[in-house]
Every structure is written in C-alpha cells, then in structure tokens.
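Q: I would like to learn how to read an interface and its charged pairs. Can we work through a case together?

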Amino acid sequence: MEVKRQPALRVRELNAHQLLRGGELEGANRPARLEGEELEEYVQERVLLTTLDKTVAWARSNSFFPLGFGLACCAMEQFHAAGPRMDIARFGFEAFRASPRQADLIILAGRVSIKMAPIIRKLYDQMLEPKWAISMGACCSSMGVFNNYALVPADKFMPVDLHVPGCPPRPEALMHGILKLRKLVQDDPDMGWRERYEAVGTEEAPSDV
Amino acid sequence: MTPGEQPTLSEYRRREQSITLSPLDEQAEREESAQDATQELLTLNFGPHHPATHGVLRLLVTLQGEVVRDIKPIIGYVHTGIEKTAEDKAYWKVIPIVERMDYLSYYFNAMAYCGAVETLLEVQVPTRGQYLRVIHLELNRIASHLIWLGTSALDLGAVSIFLYCLRERELILDLFEMSSGARMHTRYFQVGGVIDDIPSGFERRLREFLKVMPGRADEYGAILNSNQIVLERLRGTCPLDADTLLSLGVTGPLLRAAGNPWDLRKATPYSSYEDFQFKIPVGTVGDNYDRYRCRVAEIKESVRIIEQALDGLPEGPYVSPDRKVALPPRHELSTSMEALIHHFKLVTEGFRVPPGEVYYAIESPRGELGCFVRSDGSSKPARVHMRDPSFVNLQALSHMAEGGYIADMIATVAMLDPILGGIDR
Amino acid sequence: MPDATGLELLAQELGDATLETVYFRERATLVVDPATIRTVLSALRAKGYAFLASVHGVDHYPDEPRLGVVYELLDMSRVDRVTVKLRVPTDAPHVESVVADWPTADHQEREIYDMFGVVFDGHPDLRRILMPEDYEGHPQRRDFPVGGEPVIFTRDETKWLEARE
C-alpha cells in the first residue's frame, strides 16, 4: 500500500511560490507563467497592504463587546435590536458582556436618575481602554420627556461618543447609531474627547504586579 | 488627604459597601451545634447593574452559605419624578408622561389615567372606542408576557426562548405601529376614547397574528413545561400562600397562581370587558412553576378576548363626541367655527376638570394598576399617583425567597416580573 | 362602592373618628381624624374591607392642613371600595403607621415619607426609598421646584466648557 507522502517543506515553499506566480505544480501541463503587469495585478487581487492602525481599528470596530446594560424603556428596544429581526449579531456585536471589565461599548439605554449616575460612572471607569459610550434615547442625551429634579443627562458625568435620539429610538435607529460609531472607529479611533474634556491622564494604568 | 487615611463616609455611603460579615446569633449557633462554630453571615450586594435583576433593582442579600436569610430590596435607581412632572402639564399632555412609567404595559398606564380623568369629567367612551381599547390592551398584555417569558427563560439559561418571544413581539409592535404610528409609548389612548380609528389593513394583519399566536404559545409550553431544568428550578421553589399575599397587597398573576382568582376584568369590569368570555388561569400551590404556567395561559386567554372584540367591533365613533374634551375631526375645522374654537382651546390650554379626587383601578399584566387623580378645577392635575403593582409586589420578594437558595431567589425575581420603571416611577 | 346612605351608616358607626364623608362620582370617602387611623382601618377590616390596595399622599397646598394620606380599601367578597383620608399639617406631620396590621403599607409609607415628609410613627424602617438617602427636601410637595437642567446642545459646547472654568 503506497502512502502518498507530503513533499518536503522546501519543496512545498517552492510550489506555493509558483502558484502565486500563476503557475501549476510540477508534473502537469504548465501554462505560461505570469510576468510583469499581469503578475502585479494577480498579486494585488490577493494580497492586502495596510497600516497596523487601520487593521486594529477595523478589528475593533467589527467586534464591539457591548455591556449588557438597560435602564428603562430604551432597553426594550435594545432587546429588539439584538432580536431576530434587526439582528445585531450580523455585525459582530452579539456578545453582550455582563462584566464591565470585559466590555468596550456601553449603551446607556434609558433614563439616568441621580441615584444611578455615580454607579454608571463607576461602571464606565471599570471598562477597559479603548471604550465608547452611546447615549440611547432622549432621556440620557438631553433630559428627554422629563426635565425635572430626578434626572441627569449623561453628558454631565461621562463622555459620550454618540447620541441616538428617539423616545424610544427604533431598533433601526439604534443600529444606525452603532454603525455610525463603527465607521467613526474605523476612520479615526482617537476621537479627541480626552483633550476636550481635560481627561488626559485618566486612562487606566497597567498594574505592575 | 494622606494616602493611608480613610475618607469619612456618611451613613448612607457606608451602607453601600459591597460585603459585610457579621457573626451568627449565639442562639442559632448553639442550636446547630453540628455546624462549624465559626460560620458567618455574608451580606452580598446584588448591585443595580446585574444581568439577572430585570432592571436596576438592588438587593442586599444576607446569606448563610447558599441559603438566603434576608433580602432587602433597594430601589430608586430609575426614579424619574413622573408624578411631579405630571402636575406641571395639561391633562392630555400627562398621557405620554404617565405611559413611560411601567414601560412594558404602556397602554395600561394610559388606560388607568384616562379612566380616572373620564370618571372625573363624567365622559362616556363610545363602544367602538372601548372595543379598540380592549384590543390594544390585550395585545399589550401578550407583548408584556412575552418579554417576561423571554427574560425569565434567559435567567434560567434558555437563551433561544428569548429570541422566539422577540419574534412574536415584533409582530405585535408592527400592529401597534399600524394603528398609532409608534411601536412603544404610542399615545393611542386619549381622554374620551382613542386617538384615531384602526387603518384598513389592521384587521387582516391582526387575524393573521391571532391564527399564529396560540400555536406559538403552545410551542413555548412544549419546550419549557416538561423540561427537567425548568421543573427542578421552578417547581416547589419559593411558594407563598394566598393569605400572606393578600396581606402584602399582591395582586395579579402572583395571587392567581396561589389559588385566588381575583381579576379586576371580571370583578369590576371596565371598558366593556363584561361583553367578552374568557377564563382566569388559576394555580394551586403558588410556587414559581404555577406563576409561570399562569402567565403563559393568560396569553392564550388574551388571544380569545381579542378575537371576540374583533368579531364584535361595532361601528360608530371611536372617541367621545363631547368637543370640550376630545379634538374634533380635522375635516370639521374648515367648515365649523365652533370646532375651530374647541380645537384651539383644547390644544393650547386643554380642558378643565371639575375639582375632585378619583381612584381608578384596572388589571395590568402585573396586578392592580390604579391611578389616583386629584383635580382642583384648573387644566392641570393637582396630583397624579399611579399605584403600580410591581411596587407593591416587590414587598413579597423577601417573604418568598427567604430560606431558599440563591438560584431560587433569581428564579423568584424572574417570576415576580418586576418592572423597575413602575416601581420607581 | 357603598352608596351614599351606606356611607353615612358607616360613618355613624365609626363615630367621632370621621370628620367628613364625601360621595363623589359613586365613590365613597371618609375623612378621619389622623390619630384614629389604625382603629378606623381595623373597624373597616372587621366590616369586610380586608385588602389595602393603596396608600398614597397628597399635598393640598395652599389649604391647611397640607399633607394628606389616602388609604384605598377593597372588599373582595362584595367587590366594594372605600377610601379613607386624613390630613396633617406640615409642622406636625405625624401619623401612626399601619404596617403592623397591613404589611402592604411598608414600602408605600416609606414613599410618602420620602416624597412628602409625613413621618409614620411605629414604622420599622422609615428611610428614603426613591431618592438617595442623603437627599434633602421632599420633592412631591407643591412648593418644591420641578427642577431640571438646561439642555446641552453640541453647538453650545464651547460656551459650556468655558463656563465650567
């Protein structure tokens, strides 16, 4: 019984090199190899050149880990955005984490009362860099329907990257907002909020253990 | 402040610390002498941010091992001052404010408030308006129970039920969008009736939904009813008898699961509920499993009510013809001067309500939802108080879950169906 | 609801405790003396009104006595509701707590304390329930301002950041 053995590594390298240049393996009827411009086109169709920043931004933007955080009515529409019709998992955001240490996107869904504000700030501080915040709905972006003693707009105590208006915003509106955030992250990861809010130096320092 | 110094904390902040340990009673130690004498009670904070607390509910749980000894719920993390804001607005502008209280049963909030104001004004809602209200109320009941089922199953670990329930809920929200233009918080109910008649495709779409829904409810039953995990976690856990529940003020499916068939739709029928035939699902033991089965059965009963309402939907006006209370139809504005004046007066100042106080109670998916409106004769209410069922039902949590394990407590919170928007208002 | 005559008979039975009876829109209300609230509720429970549906507060500003507490009772066997009200002034806002007889009043009385400032004597754990516990003021009173924040628009952001300095 003859076992077909894999050719040696160097031979396989050479074979791959030939494949890349448009050739065939040894032993078959070989067409002409690609040379010059055709070779350039062939390679360009198959190899991508980019910068590390862009790659990392692309990877980050396509895998937000939202924090599972719902406060009030907007949370119901957030469920629907993760539901079967408007499926947030299509874009890669289905892993709602329960712990802020593992999340990088906080979607403030609902009204923020004065009792809850310091807790949200604590949650936001516990998230790892880089992190983004979406303020979903009218109540946390501005004061919404209830402009009274009990509520705080989210901008007052934490930096928000994106506001989604609506009361509650449709799941499609939330998706539009998230995709806009994704585009923002792909084009310009550093949104400059640290300079605007004088927060340079508040990144979590790595612990020297 | 030097690095080693502790900041002085107020009493409130000190109580916010996450964990406290306290020695067990000496009495209890002597009684359970077989156990380790160095056992301690652990007070754990199920913080406002927790995947299993159905909103921002904070529970201070005192544990002995895994057995729950004491639960203190702390609420107020989504307090919105709804009742205070409502005092500042004209009567019909209060409707969207009050709708956002119990955010899963928005039609019920509006119904309780509109019912109270209609009682004060002595305005009759025409039958077509009442039937339309019933259709939307029962659709909202189904939608609320679907979210309850989805999130409770999620707590127990059955993730796919969540997606199935959301699939049905999308159908219901499509219907709401057809009739009023918005999926949630629709402002469909107005004082005197509903804001607009149902459009032409609504009935057909609703019938398609009604054909599909009982089968889906049976599907959920088939998946969960005999499931070993669901049975082990829900059957026999955290029961509470009907008398204790009544003394705690609990109504709704929790009370019905314990055997008391009290339902305001049958006892004090409002909005022509007496025209419909439906059964009240009642449990026997009052444990978590009965609560679960009661609510799923209620979904099917709601489907029957909607079918009867749709079949018997009478012709006629959908809102009260009293122009001093309800907006005139737009086509009259170009021909009738009185209609124009009424429209102007209603939109700018609003109607005035004679002074008095009224408490109007309806049956929401969670229990008795009451609205207390006090009017002092002006166009803004002097006090609006919503008696929210979840606020009162929450007091039963400590009675139910004490003596059980933590996992049972999680299941009990799920079966209690608390909606923090209603609790905190 | 008991009809008007039934309400008058009820009031007569309770004697000195009732200050006033109101029959409005087919709903019966008894206004009672604040010091007698527990006996009144027990007497009504003996008559069959065994379910306390709601305890809530009202501010009658500017009429004195300002703070009111309303108790909604329900008789499930006869499907009857009756309302019991009492009023206390702001300088002596003490009402006896009914939690010992009606455990449902626990959170609800705490809410009235939080929102109106009515102190319930005998309540096991009277502290704020909806507002943070170190909050000052009683928000639902009519002379407490509604409050609110000016809306922060992005176009005003530079002005707002400058104002902070």
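Q: How many salt bridges does the rule find across the interface of chain C and chain B?
A: Start with the general idea. Side chains of opposite charge can pair when their charged atoms come close. In this predicted model, the rule finds 5 salt bridges across the interface of chain C and chain B. Arg81(C) forms a salt bridge with Glu368(B). Their closest N and O atoms are 3.3 Å apart.

Q: How many residue pairs are in polar contact between chain C and chain B?
A: The count is 20 residue pairs, with both residues at pLDDT 80 or more.

Q: What area do chain C and chain B bury between them?
A: The size of an interface is often given as the accessible area lost when the parts come together. Here chain C and chain B bury about 3,900 Å² between them. Carbon and sulfur atoms carry 55% of it. Arg25(C), His107(C) and Leu130(C) supply 16% of the area that chain C buries against chain B, more than any other three residues. As for contacts, 42 residues of chain C touch 50 residues of chain B.

Q: How many salt bridges does the rule count over all chains?
A: The total is 49. Take a pair within chain B. Arg100(B) forms a salt bridge with Glu99(B), with the closest N and O atoms 4.0 Å apart. Arg100(B) and Glu99(B) are both buried.

Q: Why are Arg141(B) and Glu138(B) separated by about one helical turn?
A: Because they are 3 residues apart in helix α6 (residues 127-156) of chain B. Arg141(B) forms a salt bridge with Glu138(B), and the closest N and O atoms are 3.2 Å apart. Arg141(B) and Glu138(B) are both buried. They also belong to a network. Salt bridges that share partners join Glu138(B), Arg141(B), Arg256(B), Asp263(B), Arg265(B), Glu298(B) and Glu363(B).

Q: Is Arg127(C) buried or exposed?
A: Judge by relative accessible area: under 20% is buried. Arg127(C) has 14%, so Arg127(C) is buried. Arg127(C) forms a salt bridge with Glu133(C), and their closest N and O atoms are 2.9 Å apart.

Key:
Residues are numbered from 1 along each chain as its sequence is written. Chains are lettered from A and ligands numbered from 1 in the order in which they are written. This is a predicted model: local features need pLDDT of at least 70, side-chain atom pairs count only at pLDDT 80 or more; totals for chains, interfaces and linings use all residues. Side-chain values use heavy atoms; hydrogens and water are left out. Contact means heavy atoms within 4.5 Å. Buried area is the accessible area (1.4 Å probe) that two parts lose on being put together, summed over both. A salt bridge is a side-chain nitrogen of Lys or Arg within 4 Å of a carboxyl oxygen of Asp or Glu. A polar contact is a pair of N or O atoms within 3.5 Å; within protein, one must be able to donate a hydrogen and the other to accept it, and residues adjacent in sequence count only if both atoms are side-chain atoms. Buried means under 20% relative accessible area, exposed over 50%, partly exposed in between (1.4 Å probe, protein chains only). Helices (H or I, at least four residues) and strands (E, at least two) are DSSP runs, numbered from the N terminus.
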